[in-house]
Amino acid sequence: MSGRLEMQISLEMQSIRKMRGTRQMPIHISHLPSPSLPMRGLFADATQPLASDNDAARTEPRPQDDRSSKPGVSYPRRSPGTPIGRTAPIGRNPRIPRIFALALLACTAASACGRAEAAPARELRVCADPNNLPFSNQRGQGFENRLADMLAKDLHATVKYTWWAQRRGFFRNTLNASLCDVVMGVPTSLEMAWTTRPYYRSTYVFVTKRDGGPAIGSLDDPALRKLRIGVQVLGDDGANPPPVHALVRRGLARNLHGYSVYGDYRSDSPPAAIVRGVARGEVDVALAWGPMAGYFARRSPVPLRLVPVTPQIDPPFMPFSFDISMGTRRHDTVLHQELDDFIRRRGPDIARLLDEYGVPRPGAATPAANPGTAP
């Protein structure tokens with residue numbers, strides 16, 4: 001559009017030059033818009049008086065006898081009765097305002113194109129914990145960080161984080177406060193968010209030393225009664241993870257050694273303390289959530305063994321395996337559909353990412369400890 005306007009302006013200028021050349025009208029440079037002038041200056045010049053087509057006026061009056069004394073200079077003829085110095089408003093020449101109108105339109109079109117090109121990129125606003133490996137941290141090292149990057153690239157967006165520790169109040173202060181739009185990993189059954197289709201399923205595991213540690217695979221193993229058992233605890237209000245309830249129901253409360261899920265937030269990834277407790281000999285066996293246990297078992301200086309907890313559902317109904325989804329607000333239908341589509345299309349890529357981080361998944365190989373260089 002701007003190219004056609006520039007051509008029109010050029011043609012108009014050529015027409016005026018031809019007209020002035022025929023009628024020997026002097027061209028005053030001060031009456032033409034300078035490319036270097038701002039818009040305000042351009043219109044200030046446009047309001048200055050120009051000579052009329054029928055006017056013999058000159059911007060500076062000259063003696064009549066002086067006309068022939070300057071070689072190479074010609075002046076337009078003045079109609080009888082028109083005083084010297086008389087000027088006409090710009091409206092007398094219809095071609096001049098047309099030029100400025102075209103110039104204005106061209107500038108407007110160019111500005112609109114510039115604004116379109118400078119439109120801000122889409123943001124994928126993610127709610128995340130800044131210190132919770134292997135899921136996320138502020139340095140972008142978790143698999144949920146990597147998954148967010150993969151998703152943002154798929155959506156032609158950039159990732160923007162809202163950091164908040166994942167404990168009580170997390171959803172209230174982030175997703176439901178509209179500070180961010182998606183949580184990358186939540187239980188599919190969670191009621192505080194609108195969850196997508198699951199993108200993986202994991203389980204609680206027994207963590208023991210590979211060399212000399214007890215071989216425990218069941219909550220009903222009699223050997224547990226003689227062992228120090230590490231469990232993660234939330235508090236004393238009955239909201240503890242499934243292993244605590246299952247072992248207390250079996251009369252093993254005195255065997256339990258608690259590690260806070262929240263831990264000391266001044267240290268890196270505080271939930272990892274339970275895995276380190278096995279390596280250091282603080283406990284003989286630990287029951288821990290699979291993704292966290294698999295990730296830190298790979299980094300343990302002491303080789304560790306992971307075995308999925310059985311039974312997967314402890315009667316009457318205490319599950320130890322959970323589907324994990326992404327979560328949005330309930331009215332974010334467009335984003336929710338985009339996440340579902342992404343999970344369906346990129347399933348194999350997501351599975352490879354989870355394998356890199358040693359996430360145990362039912363049906364997948366159990367991650368080995370110290371398999372080599374870990375992510």
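Q: Let's start with β14. Is that strand enclosed or open, and why?
A: In this predicted model, β14 is largely enclosed by the rest of the structure, because 6 of its 8 residues are buried.

Q: Which way does β5 run against β14, and over how many bridges?
A: β5 and β14 are antiparallel, with 3 bridges between them. If you want a pair to look at, valine 183 has glycine 327 of β14 as its bridge partner.

Q: And how many bridges join β6 to β14?
A: There are 2 bridges between β6 and β14, and the two strands run antiparallel. Tryptophan 194 stands opposite threonine 328 of β14 there.

Q: What about β7 and β14, how do they pair?
A: Antiparallel, over 4 bridges, with β7 covering residues 200–209. Threonine 203 has serine 321 of β14 as its bridge partner.

Q: OK, on to helices. What does α9 pack against with its buried residues?
A: Quite a list: β1 (122–128), α4 (143–154), β5 (182–187), β6 (194–195), β14 (321–328) and α10 (347–356).

Q: Which residues of α9 are buried, then?
A: Leu335, His336, Leu339, Asp340, Phe342 and Ile343 are buried in α9. They sit on the same side of the helix, because the arc they cover around the axis is only 160 degrees.

Q: Now α10. Which residues are buried there?
A: Ile350, Leu353 and Leu354 are buried in α10. Viewed down the helix axis, the buried residues fall within an arc of 100 degrees, so they line one face of α10.

Q: What covers them?
A: The cover for the buried residues of α10 includes α4, β7 and α9.

Q: Switching topic: how many disulfides?
A: The count is 1 disulfide. The partners are cysteine 127 and cysteine 180, and their sulfur atoms are 2.1 Å apart.

Q: Where do those two cysteines sit in the chain?
A: Cysteine 127 is in strand β1, while cysteine 180 is in the loop between α5 (170–173) and β5. The pair links distant parts of the chain, 53 residues apart.

Q: Is that disulfide right-handed or left-handed, and why?
A: It's right-handed, because the torsion about the S-S bond of cysteine 127 and cysteine 180 is about 110 degrees.

Q: Are the cysteines buried or exposed?
A: Cysteine 127 is buried, with a relative accessible area of 2%. Cysteine 180 counts as buried too, at 0% relative accessibility.

Q: How about salt bridges, how many are there?
A: The structure holds 19 salt bridges. One of them joins aspartate 314 to arginine 249, with the closest N and O atoms 2.7 Å apart. Aspartate 314 lies in strand β12 (313–314) and arginine 249 in helix α6, so this pair ties together parts that are 65 residues apart in sequence.

Q: Is aspartate 314 buried or exposed?
A: Aspartate 314 counts as buried, at 1% relative accessibility.

Q: What does arginine 250 pair with?
A: Arginine 250 forms a salt bridge with aspartate 220, and the closest N and O atoms are 2.7 Å apart. The arginine is in the loop between α6 (242–249) and β9 and the aspartate in the loop between β7 and β8 (229–233), so the pair ties together parts 30 residues apart in sequence. Arginine 250 is buried, with a relative accessible area of 16%.

Q: Last one: which residues are linked in a network of salt bridges?
A: Asp154, Arg345, Arg346, Asp349 and Arg352 are linked that way.

Terms used
Residues numbered from 1 in each chain as written. Predicted model: local features only at pLDDT ≥ 70, side-chain atom pairs only at ≥ 80, totals over all residues. Heavy atoms only, no water. Buried < 20%, exposed > 50% of the residue type's maximum accessible area, 1.4 Å probe, protein only. Arc of directions from axis to C-beta. Contact = heavy atoms within 4.5 Å. Disulfide = S-S within 2.5 Å. Pairing = 2+ DSSP bridges. Salt bridge = Lys/Arg side-chain N within 4 Å of Asp/Glu carboxyl O.
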